[in-house]
Amino acid sequence: MASIEGTYVPNTQDWVRDQVETYERSGGTEARTFRDSGLPIIVITMRGVKTGHVRKTALMRTEHEGSYALVAGAGGAPNNPGWYYNIIASPSEVLIQDGPTPFRVTVREVTGDERALWWERAIAAFPGYIERQAKTSRVFPVLVASPQ
């Protein structure tokens, strides 16, 4: 099974930490959706850029032909989420768990027409991105994670 070596520091948000722990413990059979929305999530594992600790978060599942969009929406907050900077700093040291077993991915930020295409896929998977994007003047970064 793929893993990232180091000290794991759980997410500071209770609901994210609990969802990640339940998802992993159950092999992806429990805590599979974003709260009570019924919309599927994936678990992302990465290394913290400041501490070097292993970090995990749950993100909306947007998959296309084996690759995944990772939208740095942060609920419409004015700043990018911390996980975005972690991934940008070490784009080849990232795992995705979409089911029972995590796997290694390489991540890259997309722009232009490619971003527009992945943004449309992300909106189809989670229409709430539209409302969240309207809350802030920053444009949500879109990253694409592809299996290594």
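This is a predicted model: local features need pLDDT of at least 70, side-chain atom pairs count only at pLDDT 80 or more; totals for chains, interfaces and linings use all residues.
Trainee: How many aromatic pairs does a search of the whole structure find?

Mentor: A pair of aromatic rings is described by the distance of the centres and the angle of the planes. Searching the whole structure for aromatic pairs gives a total of seven.

Trainee: Are the rings of W15 and F34 stacked or edge-to-face?

Mentor: Their centres are 5.6 Å apart and their planes stand at 70 degrees. Planes over 60 degrees apart fall in one class, so the W15 and F34 pair is edge-to-face.

Trainee: How many residues apart are W15 and F34?

Mentor: W15 belongs to helix α1 (residues 14-25), while F34 sits in the loop between α1 and β1 (41-47).

Trainee: Is F34 buried or exposed?

Mentor: The cut-off for burial is under 20% relative accessible area. W15, at 31%, is partly exposed. F34 has a relative accessibility of 16%, so it counts as buried.

Trainee: Which parts of the chain does the pair of F34 and F126 tie together?

Mentor: These two rings form an edge-to-face pair, 5.9 Å centre to centre with 75 degrees between the planes. The two residues are 92 apart in sequence. The pair therefore ties the loop between α1 and β1, which holds F34, to the F126 loop between α3 (112-125) and α4 (128-134).

Trainee: Which residues do ring pairs link into a cluster with F34?

Mentor: F126 is buried, at a relative accessible area of 6%. Ring pairs place F126 and F34 in a cluster with W15, W119, Y129 and F140.

Trainee: Which residue lies over the face of W118?

Mentor: K56 lies over the face of Y8, 4.7 Å from the ring centre. Over the face of W118, at 4.6 Å from the ring centre, lies R121.

Trainee: How far apart are the end C-alpha atoms of α3?

Mentor: The helix has 14 residues, and at 1.5 Å a residue it should span 20 Å. The model agrees with this, because the end C-alpha atoms are separated by 20 Å.

Trainee: Which residues of α3 are exposed on the other side from the buried ones?

Mentor: R115, W118, W119, A122 and I123 are the buried residues of α3. They cover an arc of only 145 degrees around the axis, so they lie on the same side of the helix. Their cover includes β3 (63-64), β4 (67-71), α4 and β7 (142-147). On the other side of α3, the exposed residues are D113, E120 and A124.

Conventions:
Residues are numbered from 1 along each chain as its sequence is written. Side-chain values use heavy atoms; hydrogens and water are left out. Rings of Phe, Tyr and Trp (its six-membered ring) pair if their centres lie within 6.5 Å; planes under 30 degrees apart count as stacked, over 60 as edge-to-face and the rest as tilted. Helices (H or I, at least four residues) and strands (E, at least two) are DSSP runs, numbered from the N terminus. Buried means under 20% relative accessible area, exposed over 50%, partly exposed in between (1.4 Å probe, protein chains only). A charge sits over a ring if NZ of Lys or CZ of Arg is within 6 Å of the ring centre and within 35 degrees of the ring normal. The expected span of a helix is 1.5 Å times one less than its number of residues. The arc is that of the directions from the helix axis to the C-beta atoms. Contact means heavy atoms within 4.5 Å.
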